[in-house]
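Let's take a walk through this protein together, from its sheet to its core and then to its charged side chains. Keep the sequence and the 3D view side by side as you read.

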Amino acid sequence: CEMDTILLEMDRILRPEGTVIIRDDVDLLVKIKSVADGMRWNSQIVDHEDGPLVREKLLLVVKTYWTLGDEKQ
């Protein structure tokens, strides 16, 4: 499966304010964050519990509630 396909399916399943935590290499998380931001999800990458020098990071994503009339932030 492609990353975009998986994220679209997650968007379909999640309710507004639903949260996803993704743990992976920082390079992949940056790509996922870019797609998630385009889907109007709130997202942030945070450091691994072993410190900022570890390449593995966490991506915290929250699906937002929006309607067609809302301006893109």
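A word on the ground rules comes before the tour. This is a predicted model, in which local features need pLDDT of at least 70 and side-chain atom pairs count only at pLDDT 80 or more, while totals for chains, interfaces and linings use all residues. Residues are numbered from 1 along each chain as its sequence is written, and side-chain values use heavy atoms, with hydrogens and water left out.

Let's begin with the sheet. Three strands make an open sheet in the order β1-β3-β2, with antiparallel pairing. As background, strands of a sheet pair through backbone hydrogen bonds, either parallel or antiparallel. Strand β1 covers residues 19–25 and pairs with β3, residues 56–63, over seven bridges. Strand β2, residues 41–46, pairs with β3 over six bridges. β1 and β2 stand at the edges with a single partner strand each, so one side of each has no neighbour in the sheet. From one strand to the next, the twist averages 20°.

You can pick out individual partners in your viewer. I21 has L60 as its bridge partner in β3, and I22 stands opposite L59 in β3. Helix α2 packs on this sheet and touches β1, β2 and β3, its direction making about 150° with that of β1. Axes are lines fitted to C-alpha atoms, for helices over the stretch in contact, and angles run from 0 to 180 degrees between N-to-C directions.

Which residues make up the largest nonpolar core? There are 11 in all: L7, L14, V20, I22, L29, I32, A36, M39, W41, L59 and V61. Helix α2 (26–38), β1 and β3 each supply at least two of the core residues, and the largest share, three residues, comes from α2. A nonpolar core is a set of buried Ala, Val, Leu, Ile, Met, Phe, Trp, Tyr and Cys residues joined through side-chain atoms within 4.5 Å. Buried means under 20% relative accessible area, exposed means over 50%, and partly exposed lies in between (1.4 Å probe, protein chains only).

Now for the charges. A salt bridge is a side-chain nitrogen of Lys or Arg within 4 Å of a carboxyl oxygen of Asp or Glu, and by this rule the count comes to eight. One of them joins E49 and R23, with the closest N and O atoms 2.8 Å apart. E49 lies in the loop between β2 and β3 and R23 in strand β1, so this pair ties together parts that are 26 residues apart in sequence. E49 is exposed at 57% relative accessible area, whereas R23 is partly exposed at 41%.

R23 also meets E56 in a salt bridge of 2.9 Å, N to O. That pair links R23 in strand β1 with E56 in strand β3, 33 residues apart. E56 is partly exposed, at 31%. Further along, R55 forms a salt bridge with D25, their closest N and O atoms being 2.9 Å apart. R55 is in the loop between β2 and β3 and D25 is in strand β1, so parts 30 residues apart in sequence are tied together. R55 is partly exposed at 43%, and D25 is partly exposed at 27%. Through shared partners, salt bridges join R23, E49 and E56 into one network.

Our last stop is D47. Where is D47 found? D47 sits in the loop between β2 and β3 and counts as partly exposed at 44% relative accessibility. Beyond residues up to four places away in sequence, D47 touches P52, K57 and L58. The side chain of D47 makes a polar contact with the side chain of K57 at 3.0 Å. A polar contact is a pair of N or O atoms within 3.5 Å; within protein, one must be able to donate a hydrogen and the other to accept it, and residues adjacent in sequence count only if both atoms are side-chain atoms.

Technical notes: Pairing = 2+ DSSP bridges. Helix = DSSP H or I, 4+ residues; strand = E, 2+ residues; numbered from the N terminus. Contact = heavy atoms within 4.5 Å.
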